[in-house]
Amino acid sequence: IVEGDGLKKIVQVLEIHGKDDTCLQQAALSILLNTSDTPSYWVNDPDLIQKAMRVTTDISDDELSILQCDVLSNLLLLPNGREIAIIQSERIPKVLHQLLDSTSCQSISRLLSNTFISNPSQAWVFAEAGAVGVLSAVIASSNKELGPKCSALDTLYHLLANLGADDIENYIDNALIEHLLVSMRGENHIEEQDRVKVFRVANHLIMSECKVPYDKFLSEMCSVIQRSRNPSIQEQCCRIIHNIAVAARKADALISPIEPFCVLLELIDSNSTLDIVQTEACGAIHTLIVNSQEDIDLDLLEPVSTHLFGSVLEEKNGIDEKSIDILEEALAIVDVITERTVTSGETLSFTPDQIEVLVSLAFFAFDSDIPCEGVVATIMNIFQCVSCDETTAGALVEGGGIITIIDALQAFPEEIDIQILGCSIIARLCVESLQVQFACVESNGIETILGGMARFQNNKGLQSNACHAIAQLSVDEEARERMAAAGGLGIIASVKESFPEDEDLQNDASYLLKWLVG
């Protein structure tokens, strides 16, 4: 057939004589099916591929619909097939729409997959043709064959990804949501390693901000985490919980964080050597706290902070590429809980051991070969809250915190946030404590703070905090000599010049200048 130009003749006969002859259509389609899976038969004749697609889509016999779908699927996979399909971008979806009631979902799913990859910009055309419903039916089918389900999940993801956020909501329904939830449980004959594809679709729906039952997805994620021991699935579930918290906040939807807290903390414990799972779990907890529509009871948050010290922070004997992400996420949770405690007027519950852990982590960060500015900035922010409470401030000083803060200023001279926080903490800790003041002076605190003032002359926040810190260190003649030797007279004078309208800064700078000149 091939060597004798038979394909061209078959397509021509089908085009001219096959419109009303079912037997001829079936015979011709069978030949096209058996030859279209061999690219070498078609490689040099893209016009023939295009004609074959056209005559195939023209057939409207229900009994031939599966054969029709399979021929089109094969043709799309031929060399140039996908490029040629763009020409057919309106015809193929129409055929799909006609075949929905008469053709096996698996066949249509395969055709959808091959067609859509060729022309993703026409996503809405396929959606209008009922593609989402077809793919949903394949996912939910009782067929144990895994290939069609995985193909349907991939195609559904790409279809949704190429629809605008506003359009997606027009094509999803409760049936699709239920099919996804069931598939997440592994009840649709989808192997565990392939359930990641289900999570990818669900995650995209949530991130597109369509109205989905956030509480159902949240509960399902917690259930899956508890049942699965697959790190990839656990990681995906944590990411979805993170995105649910963000999306629910934007949609003003209420979700309860209590169950996720418990499940995620248990997950952190059970994966002590899998930093990626721990990182995603901590990130999800942090996002739940920050995006909660209701004020979460501090009695619930305090155990979360304590738990993280016991299961994450105290376990780190250094900072490397594997541990940096989990440390940043865990510290971010402790930071937000600490801030909320101080803001609410409640007493901080930091123990001396916990403060010692934070000091040790800061020193690890100073010595690390990888960038640790985020870790240090978060620790400094926690220390700022700690310095507001008399008891914890004393524990911070006793635990070597004041030296840690000065070392942080010296280790990250160009990080403005660290510089501002460090000066603020020094100013607070030095109030009415000669011991702390002398310790700061002996640790080159004056020179370090003046250096930051010189580098960031136009930053009002830094200059204000630095002036307060320097004022607390103006304790004796040695401090005056150190300040003068470090160029303090010119640096303080420049503050007055840079912020002439700020009365507080003018007063602070004037006080220091008077003290400096005796």
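Residues are numbered from 1 along each chain as its sequence is written, and side-chain values use heavy atoms, with hydrogens and water left out. Because the model is predicted, local features need pLDDT of at least 70 and side-chain atom pairs count only at pLDDT 80 or more, while totals for chains, interfaces and linings use all residues.

Start with the loop between α12 (174–184) and α13 (195–207), where Gln-193 lies. Helices here are DSSP runs of H or I with at least four residues, strands are E runs of at least two, and both are numbered from the N terminus. Gln-193 is exposed, with a relative accessible area of 54%. The scale runs from buried (under 20% relative accessible area) through partly exposed (in between) to exposed (over 50%), using a 1.4 Å probe and protein chains only. Asn-230 is 37 residues away from Gln-193 along the chain. Their C-alpha atoms are separated by 8.1 Å.

Next comes α13 itself. It packs with helix α14 (residues 214–227) at an angle of about 150°. The two axes are 12 Å apart. Axes are lines fitted to C-alpha atoms, for helices over the stretch in contact, and angles run from 0 to 180 degrees between N-to-C directions. α13 and α14 are therefore roughly antiparallel to each other. The classes are roughly parallel (under 35 degrees), roughly antiparallel (over 145), roughly perpendicular (65 to 115) and oblique (the rest). The crossing of α13 and α14 is left-handed. That term means that the near helix is turned anticlockwise from the far one by less than a right angle; clockwise would be right-handed.

Now look at backbone torsions. Most residues other than glycine have a negative phi. Asp-252 has a positive phi, near 55°. Asp-252 sits in the loop between α15 (231–250) and α16 (258–270). Its relative accessible area is 60%, so Asp-252 is exposed. Asn-444 also has a positive phi, about 65°, and is not a glycine. Its loop joins α25 (434–442) and α26. At a relative accessible area of 36%, Asn-444 is partly exposed.

Last, the pockets. A pocket is an open set of points on a 1 Å grid over the protein atoms alone, with protein on both sides within 12 Å along at least five of seven lines; lining residues have an atom within 4 Å of a point. The largest pocket holds about 210 Å³ of space. Its volume is the space filled by probe spheres set on the points. The lining has 16 residues, and Glu-302, Ile-337, Thr-341, Thr-347 and Ser-349 lie nearest the centre. Two elements give two or more residues each: α18 (298–311) and α19 (324–343). α18 provides the largest share, 6 residues. By class, the lining has 6 nonpolar, 7 polar and 3 charged residues. Nonpolar covers Ala, Val, Leu, Ile, Met, Phe, Trp, Tyr, Cys and Pro; charged covers Asp, Glu, Lys and Arg; the others, Gly among them, are polar.

The second largest pocket holds about 160 Å³. Its lining includes Ser-387, Glu-390, Arg-428 and Val-436. α22 (390–398) and α24 (416–429) each supply at least two lining residues. The largest share, 4 residues, comes from α22. This lining has 5 nonpolar, 3 polar and 2 charged residues.

Methods. On a 1 Å grid over the protein atoms alone, a cavity is a set of points where a 1.4 Å probe fits but cannot get out, and a pocket is an open set with protein on both sides within 12 Å along at least five of seven lines; lining residues have an atom within 4 Å of a point.
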